[in-house]
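I keep these entries as a record of what I looked up, in the order in which I looked.

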Amino acid sequence: MGEGLYQLDENGRLVYLNPAGERMLGYSLTEIRGRKMHDLIHSHQPESDDSPGKECLLQRVLQDGESQYEHQDYFRRADGSSIPVEYTSSPLVVNGQITGVVLSFRDISERKHAEAKERRARWEIEAKSTEIARLNAELEQRVRLRTAELETSNRELEAFSYSVSHDLRAPLRSIDGFSHILLEEHGDELDADARHCLSRVRAASQHMGQLIDALLQLSRVTRADMQRETVDLSALAQTIVDGLKQTAPARQIQVCIAPGLHASGDPRLLQVALQNLLGNAFKFTSKQERAEIQFGSLQQDGSTVFYVRDNGAGFQMEYANKLFGAFQRLHGVSEFEGTGIGLATVQRIVRRHGGRIWGEGEPDRGATFYFTLS
Amino acid sequence: MKDNFILLVEDNPDHEALTIRALKRAGLANPVVVAHDGAEALDFLGAKGIHAGRDIDQLPRVVLLDLKLPRVDGLEVLQHLRADQRLQRIPVVVLTSSDEETDLVRSYRLGANSYIPKPVDFVQFVEATRQMGLFWLPTNEAPRGG
């Protein structure tokens, strides 16, 4: 739009109005030359504050001789409409006398429009932020409640499975005990087939006992409070291996434990994990003439990965995804005894430490189990 | 009955029978008195209730105490025994169904003398009973049982 400019004499009458000013005000200079501009375009404005308190800057300029700036006001156009303006009025001084005023003004409709838009946008953003904060708080509350529910439900499930496993032992003892007594004290009254049936009853009840023990251990692993301290894994593995060797002193076993292996974790849980992994290695190499078991570590993507490797029965990689399922076995009971819970237990322990576990194997060429603890 | 008997506190009749057989197998021929819950055990030891009229001075050589008992449970019986001056010195061997139960009893520090685990395998139980007998009933001269 440009800048409108007009000049007034010392009485406030129009001397000059520039073309831009003519356009903005809707008057031609010839129409209004000599008219008092204040009366024409400024006073009696419904929007402008014409109260006695607010003096027209024009007067001030004429009196004081100093430039004044008004950042927001309204001028009336020829057609009666108002335009929002900002203006600067400066005195014209000739020989020390104030002979008039020059006023430059600018239409600030766009600025006002932009300001209004910005205000509106800010209100909307505030309203939306408040809404988001409210929704967030609601969501967090819901998550808290749901987590508490899940935790309770989990605890109840664990308590239930624990007490069920525990109580299942009692009748199992009876089954084992009395079938044993039958065999021992009445064995000679029974034929070979009857004795055979009884020993199968005994074997089954003992297997069930092992399953219950494994389940109880798995449940304990989940429920136990985690302590974190530095654990010497090499020493732990050595102790476990020594214990395993004692159970079968006749076996030829070569064990290689890397020295100085340690990790931050719960010592009791890590013991259970290594007991399971090394115990498995020990068990599944039982058919090898010379068993080879290794426990070591390697670096992968910046973290430490531990591994237990053996040269035993191995497994088919196509079943690798079943390795860690509870009660899942990749070998028949007649090949190797077991509960199918050991690896599920190790996985739970590893996960509680924030790590992961995976296995690689080849039938009859052995298996390696890798795990991280963070 | 001399002061030579074993007080077995056990509510499960199967386990009662198995324990008595295990004792016999372990070569312990001491007479066995059975109380079927904690209240009965305390009645017996105090010669009251259903055992009123028995000679209160006759005390068992050792108490085999199961933990899970109806009415008055094993821990309470243990507490009573240790609190009563007259009964304090009787050895109590607790029969526990799991390591956790053992830990629990230990943590209460109620003064059990020893623990026999109750494994599913009867043969193991006989062996554990035998070890218990060797320690707490050493002067047993009974003939070897079946």
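The entries below go from conventions to cores, a strand, a loop residue and the interface.

**Conventions.** I am working with a predicted model, in which local features need pLDDT of at least 70 and side-chain atom pairs count only at pLDDT 80 or more, while totals for chains, interfaces and linings use all residues. Residues are numbered from 1 along each chain as its sequence is written, chains are lettered from A and ligands numbered from 1 in the order in which they are written, and side-chain values use heavy atoms, with hydrogens and water left out.

**Cores.** I looked up the nonpolar cores, meaning sets of buried Ala, Val, Leu, Ile, Met, Phe, Trp, Tyr and Cys residues joined through side-chain atoms within 4.5 Å. Buried is under 20% relative accessible area, exposed is over 50%, and partly exposed lies in between (1.4 Å probe, protein chains only). The largest core has 39 residues, and the members touching the most others are L233(A), L274(A), L278(A), F295(A) and F371(A). Several elements of chain A give two or more residues to this core, including α7 (233-247), β9 (291-300) and β12 (366-371). Helices (H or I, at least four residues) and strands (E, at least two) are DSSP runs, numbered from the N terminus. α8(A) supplies the largest share of the core, 9 residues.

I then listed the contacts (heavy atoms within 4.5 Å) of L233(A). Not counting residues up to four places away in sequence, L233(A) touches L270(A), L274(A), F295(A) and F306(A), among others. A second, separate core has 27 residues, among them A41(B), F44(B), V72(B) and L75(B).

**Strand β12(A).** How many residues of β12(A) are buried? I find 6 of the 6, so the strand is largely enclosed by the rest of the structure. In a regular strand the side chains alternate between the two faces of the sheet. On one side of β12(A) sit G366(A), T368(A) and Y370(A), on the other A367(A), F369(A) and F371(A), and all are buried.

Which strands pair with it came next; pairing needs at least two DSSP bridges between two strands. β10(A) runs antiparallel to β12(A), joined by 5 bridges, and F306(A) stands opposite F371(A). β11(A), residues 357-362, is also antiparallel to β12(A), over 6 bridges, with E360(A) opposite T368(A). The hairpin of β11(A) and β12(A) has 3 residues between the strands, and D364(A) there takes a positive phi near 65 degrees.

**H331(A).** I found H331(A) in the loop between β10 and α9 of chain A. Is H331(A) buried or exposed? Its relative accessibility is 17%, so H331(A) counts as buried. Its side chain reaches the backbone oxygen of G314(A) at 2.9 Å. Leaving aside neighbours within four places in sequence, H331(A) is in contact with F284(A), A313(A), G314(A), F315(A) and F336(A).

**Interface.** I counted 19 residues of chain B in contact with 21 residues of chain A. The buried area (accessible area, 1.4 Å probe, that two parts lose on being put together, summed over both) is about 1,800 Å², with carbon and sulfur atoms giving 52%. R25(B), E100(B) and V120(B) supply 34% of what chain B buries against chain A, more than any other three residues.

A salt bridge is a side-chain nitrogen of Lys or Arg within 4 Å of a carboxyl oxygen of Asp or Glu. I note 4 between chain B and chain A. R25(B) forms a salt bridge with E185(A), the closest N and O atoms being 3.2 Å apart. On the side of chain B that touches chain A, α1(B) gives the largest share, 6 residues.

Key: Polar contact = N/O pair within 3.5 Å; in protein donor to acceptor, adjacent residues only side chain to side chain.
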